[in-house]
Amino acid sequence: MTPKKKEAMEHLSTDNGIISALAIDQRGALKKMFMALGKIPTTEELQEFKELVSSELTPYASAILLDPEYGLPAAKARHPETGLLLAYEKTGYDTTNPGRLPDVLENWSSLRLKEEQADAVKFLLYYDVDEDPKINHLKHVFIERLGSECVGEDRPFYLELVSYDVTNNDSASEEYAKIKPRKVIEMMREFSKPRYQVDVLKVEVPVNMNYVEGYGEKTIVYSQEEAASFFKAQSDATHLPFIFLSAGVSTELFQNTLLFAYESGSTFNGVLCGRATWKDGVKKYAEGGREGAIQWLRTQGRSNIETLNKIVNKTATPWYQKSARKQTAVRALP
């Protein structure tokens, strides 16, 4: 990690080296959340909601992840000491061809994201370790290319990995829960290879917690001991800093998951938490507009992120213990 990358990483983390970041780079998913409430959002409304989340919640986050399509006003509205990640991928994936092949935003580059003051570039990749090797080869080459691009701009490369099964589209199913641990762990192992030039992995937890004994109301797929072993195996599969995404689960379940990961021996380095923090604010904005959203963000939204911060600070490991020694302190979160 170069000096400039280290400086950027420090800007994205707390003074304790924990990445306690807020994610609102959703585009298609955010539109669907509004539409489920009977509202078709305009571009201006999507921009405003992101801007409100940023202005109200970034005082309590070490960084925020946004998209350059709707999120640039929100980037300018963030707390002045809060780091910025910008997403580089197109939202969703092409459903007309097999493989969920990735693509970048055609009007953007790592250079242009850096010019928007991004401390790091984030890219989302859907990956099935059991996919046709020809398809996975294309994904490997694609990520190699992005890694080299980020090296050229001397910006950290955050790679978000989301697993799937080509034979089963229902990632919430019991059948997928049974095979998820191997898929998550093996894709982490693959993209930890130096050829990809990844600096931080943003990943799912290795199990569906709804199927863990004592954590959900569904059929038990994993005992707590089995689930704990998967968290430990995931942690051991990479030498890179890695952070957990919330994957749209409830605030309470995500917080309990982090405690479980810690108790299982996972040395994760923080979170990039999205919907688990702010999703209920969508309804408040749809019903009450700007003022309704602000009221919710200043009360329940703030409570969500502050509660999460306490758990993350207690459970996560400093990123610099894995990739580099910390050089300077940045700031502590309130």
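This is a predicted model: local features need pLDDT of at least 70, side-chain atom pairs count only at pLDDT 80 or more; totals for chains, interfaces and linings use all residues.
**Entry 1, nonpolar cores.** I began with the largest nonpolar core, which has 79 residues. Ile143, Leu159, Leu201 and Phe244 touch the most other members. I then looked up which element gives the most to this core, and found helix α11 (residues 280-315), with ten residues. There is also a second, separate core of 15 residues, with Ile19, Ala21, Leu85 and Ile243 included.

I listed the buried residues of helix α1 (residues 3-11): Lys5, Lys6, Ala8, Met9 and Glu10. What do the buried residues of α1 pack against? I found β1 (19-23), α6 (133-153), β5 (157-163) and β6 (200-203).

I searched the whole structure for cavities of 30 Å³ or more and got one. The volume of the largest cavity is about 30 Å³. I noted its lining as Ser20, Ala21, Leu22, Val271, Cys273, Thr277, Ile305, Leu308 and Asn309. At least two lining residues come from each of β1, β8 (270-273) and α11.

I placed Gln255 in helix α9 (residues 251-263). Is Gln255 buried or exposed? Its relative accessibility is 12%, so Gln255 counts as buried, the cut-off being under 20%. Setting aside neighbours within four places in sequence, I found Gln255 in contact with Asn304, Thr307, Leu308 and Ile311. Leu308 had already come up in the lining of the largest cavity.

My search of the whole structure gave 15 aromatic pairs. One of them is Phe49 with Tyr285, a tilted pair at 5.7 Å centre to centre and 55 degrees between the planes. Phe49 lies in helix α3 (residues 43-57) and Tyr285 in helix α11, so this pair ties together parts 236 residues apart in sequence. I checked burial for both: Phe49 is buried and so is Tyr285.

I next took Tyr215 and Phe260, whose ring centres are 5.4 Å apart with planes at 80 degrees, so I logged the pair as edge-to-face. Tyr215 lies in the loop between β6 and α8 (224-236) and Phe260 in helix α9, so the pair ties together parts that are 45 residues apart in sequence. Tyr215 counts as partly exposed at 26% relative accessibility, whereas Phe260 is buried with a relative accessible area of 5%. Last, I followed the ring pairs and found a cluster that links Tyr215, Phe231, Phe242, Phe244, Phe260 and Phe268.

How values were computed. Residues are numbered from 1 along each chain as its sequence is written. Side-chain values use heavy atoms; hydrogens and water are left out. Helices (H or I, at least four residues) and strands (E, at least two) are DSSP runs, numbered from the N terminus. Buried means under 20% relative accessible area, exposed over 50%, partly exposed in between (1.4 Å probe, protein chains only). Contact means heavy atoms within 4.5 Å. A nonpolar core is a set of buried Ala, Val, Leu, Ile, Met, Phe, Trp, Tyr and Cys residues joined through side-chain atoms within 4.5 Å. On a 1 Å grid over the protein atoms alone, a cavity is a set of points where a 1.4 Å probe fits but cannot get out, and a pocket is an open set with protein on both sides within 12 Å along at least five of seven lines; lining residues have an atom within 4 Å of a point. Grid points are joined across faces, edges and corners, and a volume is the space filled by probe spheres set on the points. Rings of Phe, Tyr and Trp (its six-membered ring) pair if their centres lie within 6.5 Å; planes under 30 degrees apart count as stacked, over 60 as edge-to-face and the rest as tilted.
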